Amino acid sequence: MSIPPFLPPMIDELFILTLGAALSFMLFWGFRALPAEEWQILASVPKQKTGNGLWKGMNLTYYGLFTANAYGVAVAIMFVLLGSVFIPLSGILVMAAAVLAICIPASKIIARIVEKQPNGFTVGGASFAGLITAPWIFRLISLTLGRGANFSLPVMVPLAALASSYALGEGIGRLACISFGCCYGKPLAQSHPFLQKIFEKRNFIFSGKTKKAAYEGGLDGHKVIPIQAVTSVIFTGTGLAGVYLFLKGYHAAAFLLTLITTQGWRTISEFFRADYRGRGKISAYQIMGIIAILYSVLIVFCFPSARIQSANILIGLRSLWNPWLIIFLQSLWLIIFLFTGRSQVTGATLSFQVIGKRA
């Protein structure tokens, strides 16, 4: 597909500004609303009758909703970026499915190993597993499907798209942590005076006994460092920068910027968190972050960037308008929601009655 002879001026910048404005609105709404008690449980579904007209219910959480949204946005951005450099839809689908097949189960397995949480999830563990395996997955796809479908796939191109979309996705996904009260920061009263001054008017106060900050940390109603919000802003800003560098053809720079910033901040941010991250002063996730930074630099030398056809964001956006891709994204959203949104640590007791005046 050839590039149209005329493109609107500063189309890449317009795309970044529009995406950034939409994400900013969503994030800052979430920072204000989601620590409240009513933003943890999305719905309760009756499962089993227990007697006296009561039912045992299963809770569906906003954690699952925002996590599914984050995955959906990240994968959609990856499709747009790779579509903008004319990678066929079949190749993008295979790459996305292969990486997700690693990351989704890893989010639960690594949380079980590190945090001893059989019912928890970790985005940090999932991203680490994805980073380690993605270059070799993309190389294998290039040697097999790429040759069969007659398209060239320099490994650094999908890696840059993956890293940039991951940063955006995790930035959005931190809203899930805020709604559930997990990944919470240290109490402001116990923090350094400098941090107290910075976050005196910009803190989180979680309410509700079923928030993780309450039942694990005993911090219901306490001012805590809003580490999820800080992480969200840093990751989202970095992701937008990575997308812009990708569209301008700087794939290695986009990959290194997003990976070094996100994994570096992950390593630093652990010092401001109060939730259980495993034993020791240095957590397993901090070790993963350091390894990820070193590994990303090594990958740039193993798979150097190559010049490819210029990106066309309009072609990338147009590639989303495909029935099979829409079905794929909807199916992915549903799978992630059911995988992460069915609460295993909270329960519900439900009762139903007829409203006499309306019967």
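This is a predicted model: local features need pLDDT of at least 70, side-chain atom pairs count only at pLDDT 80 or more; totals for chains, interfaces and linings use all residues.

I then picked out Ile291, which lies in helix H10, residues 284-302. Is Ile291 buried, partly exposed or exposed? I noted a relative accessibility of 40%, so Ile291 counts as partly exposed.

**Entry: the open sheet**

Next I traced the strands. I found an open sheet of 3 strands in the order E1-E2-E5, with antiparallel pairing. Strand E1 (41-51) and strand E5 (348-351) stand at the edges; each has a single partner strand, so one side of each is left without a neighbour in the sheet. On average, neighbouring strands of this sheet are turned by 40° against each other, with direction ignored.

I went through the pairings one by one. E1 pairs with strand E2 (residues 54-61) in the antiparallel sense, and I noted 8 bridges. Within this pairing I checked Ser44, which stands opposite Asn59 in E2. Which helix packs on the sheet? I wrote down helix H2 (residues 62-84), which touches E1 and E2. The direction of H2 makes about 30° with that of E2.

Then I looked at the turn between these strands. Gly51 has Leu54 in E2 as its bridge partner. The hairpin of E1 and E2 has 2 residues between the strands, and there Asn52 takes a positive phi near 55°.

For the other pairing of E2, I noted that E2 and E5 run antiparallel and are joined by 4 bridges. One pair I looked up here is Gly57, whose bridge partner in E5 is Ala348.

**Entry: salt bridges**

I moved on to charges, with a reminder to myself: side chains of opposite charge can pair when their charged atoms come close. How many salt bridges does the model have? The count comes to 8, and I followed some of them up.

Lys248 forms a salt bridge with Asp12, and their closest N and O atoms are 3.2 Å apart. I checked where the partners sit, and the pair links distant parts of the chain, 236 residues apart. Lys248 is in the loop between helix H8 (227-247) and helix H9 (251-269), while Asp12 is in helix H1, residues 11-33. The cover of the partners was my next check. Lys248 has 36% relative accessibility and counts as partly exposed, whereas Asp12 is buried, with a relative accessible area of 9%. I also noted that Asp12, Glu13 and Lys248 are linked in a network of salt bridges.

Another salt bridge I looked up joins the side chains of Glu170 and Arg174, at 2.7 Å from N to O. Why are Glu170 and Arg174 separated by about one helical turn? I found them 4 residues apart in helix H5 (residues 156-180), which means a separation of about one helical turn. I wrote down that both Glu170 and Arg174 are buried.

I then checked Arg273 and Glu270, whose side chains meet in a salt bridge of 3.5 Å, N to O. Arg273 has 8% relative accessibility, so Arg273 counts as buried. Glu270 counts as buried too, at 7%.

**Entry: Leu23**

I went back to helix H1 for Leu23, which lies in that helix. Leu23 has a relative accessible area of 5% and is therefore buried. Which residues does Leu23 touch, not counting residues up to four places away in sequence? I listed Leu168, Ile172, Thr236 and Leu240. I also took a distance to Ala134: Leu23 and Ala134 are 111 residues apart in sequence and 26 Å apart in space, C-alpha to C-alpha.

**Entry: Lys201**

My last stop was Lys201, in the loop between helix H6 (193-199) and strand E3 (204-205). Is Lys201 buried or exposed? With a relative accessible area of 80%, over the 50% cut-off, Lys201 is exposed. I checked the spacing to Lys223 as well: these residues are 22 apart in sequence and 9.6 Å apart in space, C-alpha to C-alpha.

How values were computed:
Residues are numbered from 1 along each chain as its sequence is written. Side-chain values use heavy atoms; hydrogens and water are left out. Two strands pair if DSSP finds at least two bridges between them. Axes are lines fitted to C-alpha atoms, for helices over the stretch in contact, and angles run from 0 to 180 degrees between N-to-C directions. Contact means heavy atoms within 4.5 Å. Buried means under 20% relative accessible area, exposed over 50%, partly exposed in between (1.4 Å probe, protein chains only). A salt bridge is a side-chain nitrogen of Lys or Arg within 4 Å of a carboxyl oxygen of Asp or Glu.
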